[in-house]
Amino acid sequence: QVQLVESGGGLVQAGDSLRLSCAASGRTFSGYRMGWFRQAPGKEREFVASILWSSAATGYADSVKGRFTISIDSAKNTVYLQMNNLKPEDTAVYYCALRRPFIQAYEYWGQGTQVTVSS
């Protein structure tokens with residue numbers, strides 16, 4: 001059974017940095033894509049970044065390009081989201097999710113971790 005567990009959220013000030021972690025377990029993930037999403041109060045969930053497990057190819061939302069970096073530690077089965085120069089508009093619950101090869105939808109989701117950025 002696939003499990004995703006996020007950690008690393010917290011309360012920071014604008015301009016600070018945080019690193020989120022997503023520990024994956026339950027199978028091998030070669031060919032899977034791991035994504036980070038976020039949902040702010042009253043808003044729809046939005047894509048933040050993704051990485052292909054096998055090749056480490058990445059993609060980012062325009063709103064976080066140049067500030068956020070997604071990476072993988074395959075030995076630990078963990079994906080990270082390094083968030084620099086945080087802004088109040090980055091405040092949200094952040095979720096990691098997995099998508100199987102050749103499948104459009106992200107099927108496996110973590111429980112979420114809160115990130116709050118004060119101005």
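How many salt bridges does the count come to? Five, by the rule used here: a side-chain nitrogen of Lys or Arg within 4 Å of a carboxyl oxygen of Asp or Glu. The model is predicted, with local features needing pLDDT of at least 70 and side-chain atom pairs counting only at pLDDT 80 or more, while totals for chains, interfaces and linings use all residues. Residues are numbered from 1 along each chain as its sequence is written, and side-chain values use heavy atoms, without hydrogens and water.

**Stop one.** Select Arg38 and Asp90. They form a salt bridge, with the closest N and O atoms 2.9 Å apart. Arg38 sits in strand S4 (residues 33-39), and Asp90 in the loop between strands S8 (78-83) and S9 (92-99), so the pair ties together parts 52 residues apart in sequence. Strands here are DSSP runs (E, at least two residues), numbered from the N terminus.

Are these two buried or exposed? Arg38 is buried, at 6% relative accessible area. Asp90 is buried too, at 1%. Buried means under 20% relative accessible area, exposed over 50%, and partly exposed in between (1.4 Å probe, protein chains only).

**Stop two.** Now pick Lys65 and Asp62. Their side chains meet in a salt bridge at 3.3 Å, N to O. Both Lys65 and Asp62 are exposed.

**Stop three.** Move to Arg100 and Glu107. This salt bridge spans 2.4 Å, N to O. Arg100 is partly exposed at 33%, and Glu107 is partly exposed at 35%.

**Last stop.** Select Arg38, Glu46, Arg67 and Asp90 together. Salt bridges with shared partners join these four into one network.

Key: Helices (H or I, at least four residues) and strands (E, at least two) are DSSP runs, numbered from the N terminus.
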